[in-house]
Amino acid sequence: MTATRTVRIGSSHGLHARPAKLFAQAAKDSGIAVMIAKDSGKPVNAASILGVIALAVEHGDYVTLTADGEGAENVLDTLTELLTTDHDQDSA
């Protein structure tokens, strides 16, 4: 089963090291293939922290997540929550 979702980034400093690490780790832990793309750009492996950081995603940008495998919708629910949360509010 393949699921796709478009999400607006909530972290006030975008997907820099800390939120990118949380996101990539959750994608890896999901056990299924998850891809992330910024706007209409080329998708990268969501479990790769370097790939995620290289997208240069800023606050308010939209990304598209695609998950392929059993439980894909649940995985996207979890990842969407991570992306829409402002992980920078405590450190600002």
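Q: What covers the buried residues of α1?
A: In this predicted model, the cover over the buried residues of α1 includes β2 (33-38), α2 (49-54), β4 (62-68) and α3 (72-84).

Q: Which residues of α1 are buried?
A: Pro-19, Ala-20, Phe-23, Ala-24 and Ala-27 are the buried residues of α1. They lie on the same side of α1 because they cover an arc of only 130° around the axis. In general, residues three or four places apart in an α-helix point the same way, since there are 3.6 residues a turn.

Q: And which exposed residues does the face turned away from that buried side carry?
A: That face of α1 carries the exposed residues Lys-21, Lys-28 and Asp-29.

Q: How many residues does α1 have, and how far does it reach?
A: Helix α1 spans residues 17-29, which is 13 residues. From first C-alpha to last it reaches 18 Å, close to the 18 Å expected at 1.5 Å a residue.

Q: What happens just after α1?
A: Gly-31 takes a positive phi there, of about 80°.

Q: Changing topic: which residues of β4 are on the covered face, and which on the uncovered one?
A: Val-63, Leu-65 and Ala-67 form the covered face of β4, while Tyr-62, Thr-64, Thr-66 and Asp-68 form the uncovered one. Side chains in a regular strand alternate between the two faces of the sheet.

Q: How many bridges join β1 to β4, and how many join β2 to β4?
A: Strand β1 (residues 2-8) runs antiparallel to β4, with seven bridges; Ala-3 stands opposite Ala-67 in β4. Strand β2 is also antiparallel to β4, joined by six bridges, and Ala-37 stands opposite Thr-64 in β4.

Terms used. Residues are numbered from 1 along each chain as its sequence is written. This is a predicted model: local features need pLDDT of at least 70, side-chain atom pairs count only at pLDDT 80 or more; totals for chains, interfaces and linings use all residues. Side-chain values use heavy atoms; hydrogens and water are left out. Helices (H or I, at least four residues) and strands (E, at least two) are DSSP runs, numbered from the N terminus. The expected span of a helix is 1.5 Å times one less than its number of residues. Buried means under 20% relative accessible area, exposed over 50%, partly exposed in between (1.4 Å probe, protein chains only). The arc is that of the directions from the helix axis to the C-beta atoms. Contact means heavy atoms within 4.5 Å. Two strands pair if DSSP finds at least two bridges between them.
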